[in-house]
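Colleague: I am new to this one and would like to learn how to read it. Could we go through it together?

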Amino acid sequence: MIKIWNMKKAEGSGPKKPKTSAAQIRVQKDVTELELPRTMKMDWPDANDLLNFFLTISPDEGMYKGGSFKFSFAINSNYPHEPPKVKCVPKIYHPNVDLEGNVCLNILREDWKPVLNLNSVMVGLQYLFLEPNADDPLNKEAAQDLRSNRQNFIRNVNRSMAGGSVNGETFDRVLKDAE
Amino acid sequence: MSMATQQTQDWPGRYYHIDQILDKPGPRTDPDAFVGGDTARDFLRNQCKVLVIGAGGLGCELLPNLALSGFRDIHVIDMDTIDVSNLNRQFLFREKDVGRPKAIAAAEFVMKRVPGVTVTPFFGKIQDKDEEFYKQFHIIISGLDSVEARRWINATLVGMVDEDDPESLKPLIDGGTEGFKGHSRVILPTMTACIECTLDMLTKPTVFPICTIANTPRQPEHCIEWASVLEWPRVFGDAKKLDNDDPEHITWLYEQASKRAAEFSIEGVTWSLTQGVVKNIIPAIASTNAIVAASSVNEALKLATNAAPPLQNYMMLVGTDGVYSFTFEHERKPECPVCGGETVNMTVNKDMTVQELIEHLQETQNIQIKKPSLSTSSTSIYMQAPPVLERATRPNLEKKLSELVPSGTEITVTASTLPLKLSLRLTYS
Ligand SMILES: [Zn+2]
């Protein structure tokens, strides 16, 4: 033991007492260096708690243009070993989002790696609105609609975003002017 | 401890073999570090206090190995109680122990079997113990199966290193196994690569694509994940959080998963598989545990006595194809959020505002941080971006630091010009 303590003496000053958790430090670094595009907005219910926030995506192109989609992010102390938990807040009509707000995005589950960051997730979510993917459905009816009749699907998207019903299910109004 | 009591506990030849190693240097012994003889024996047997974290598969091997190597003041902490399924590999436990705390049963067994050794058990979570508790030990050995617990003890031990007190450095020997694979590694907090430096090396829990579990389950595991990831939150919402340690919760998941499995004609959903999937239980093999624990205890013996140089610093064991092991040196990561980054101590005027500190950080030679964001573990002091956080923290710019941050509290500074962060400890004049 003595040997190590002597080595430590010779080495001199270094880091000490990191009271802030590794997850908090990573998130602080991630969020303060984000370059948010015009289509994204973030909100913190409590600015002292960086680990819980909302992201609102307002696509400026594609089938979901004109809508505004709020996601909740919850990051636990095991980040970045574990991915953030992301849910879509309003009930929306989308092939890759189910009625409970679960989102099918590979990097939120099976393809998550600690080298990824919040930006990767945010970009991935935005992409879901530009290119909804009928092959990985969470809302099977929506995926079926997209596959079988694209024009009809687009009409359904518009009706759902205005708060209407599709396939007997009523969706939340998410039009941007509704805010 | 008096010599008289020691002698009644010892018998001729008890330490004959171990003393061969302690009394004379071997071919690879560091000549500067080797003291040997009575000094090494005395430290090992009468002074060295070692803590074992976890009394499970690895812990049940670590404890007897330590006791038989001559460590006599051993402590063990574990939050679990003994389950009947542990008895197939956790050799210190008997059927009559089922339901008892692992730490207590393990301590009793080793003390009964190895006279003169004290094993002090703690039944509880490592997170409930403070720095004062960890300070009393010389060496800490972990035999954990949770990444979260490893990261916690690692960060705690790194945080305890006091530059003015070399004895505050507690070597951490970490062992881990997964089926035929395993590792043991030696971490000298702040001196060698820590757990967090090598986080991307750790095995990720197995997760399945959410659309597979929602639509096209093919394996029993898919049905169990469906029950825990989708069905539980759908039924209970935020009102009731899933507790993986609650048998009733596991039973509920098991029932839901069984129904779904029947619907898709999938076989193999059982209660214990449900528990295994939800808790991410990794298959444990007794012999892998034995190899890894033996290596970890050898490292403890080397560190305590300097009889041989310690592992530098990571031993990987691959038992799947013959038995292969490979030792290499993990390097520290400058951007490690736990052991990386500099700590700067600064004395500032008690009237200094946050704004003035930021200007100071930007202007001071050898710091010069562009656009720093500042926080403590509980407060966002000032965030440069995104705009909404900047606006929320802007009122703090005018405030006096001494009102926001108690003297000695660590401030985490991040900026794009830093690899990760700088830690700032302020005292006020
Ligand atoms: Zn590190």
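Colleague: Is B:Cys211 buried or exposed?

Modeller: A word on the model before that: this is a predicted model, where local features need pLDDT of at least 70, side-chain atom pairs count only at pLDDT 80 or more, and totals for chains, interfaces and linings use all residues. Residues are numbered from 1 along each chain as its sequence is written, chains are lettered from A and ligands numbered from 1 in the order in which they are written, and side-chain values use heavy atoms, without hydrogens and water. Buried means under 20% relative accessible area, exposed over 50%, and partly exposed in between (1.4 Å probe, protein chains only). With a relative accessible area of 8%, B:Cys211 is buried.

Colleague: What is B:Cys211 in contact with, leaving aside its neighbours within four places in sequence?

Modeller: Contact means heavy atoms within 4.5 Å. B:Cys211 touches A:Cys104, A:Asp136, A:Pro137, A:Leu138 and B:Thr216 in this way.

Colleague: How is the size of an interface often given?

Modeller: Often as the accessible area lost when the parts come together; here a 1.4 Å probe is used and the loss is summed over both parts. Chain A and chain B bury about 5700 Å² between them, with 59% of it on carbon and sulfur atoms. To this contact chain A gives 54 residues and chain B 77 residues.

Colleague: Which side chains meet in a salt bridge?

Modeller: A salt bridge needs a side-chain nitrogen of Lys or Arg within 4 Å of a carboxyl oxygen of Asp or Glu. Between chain A and chain B the count is 1 salt bridge: B:Glu225 meets A:Arg109 at 2.4 Å, N to O.

Definitions and conventions. Buried area = accessible area lost by both parts, 1.4 Å probe.
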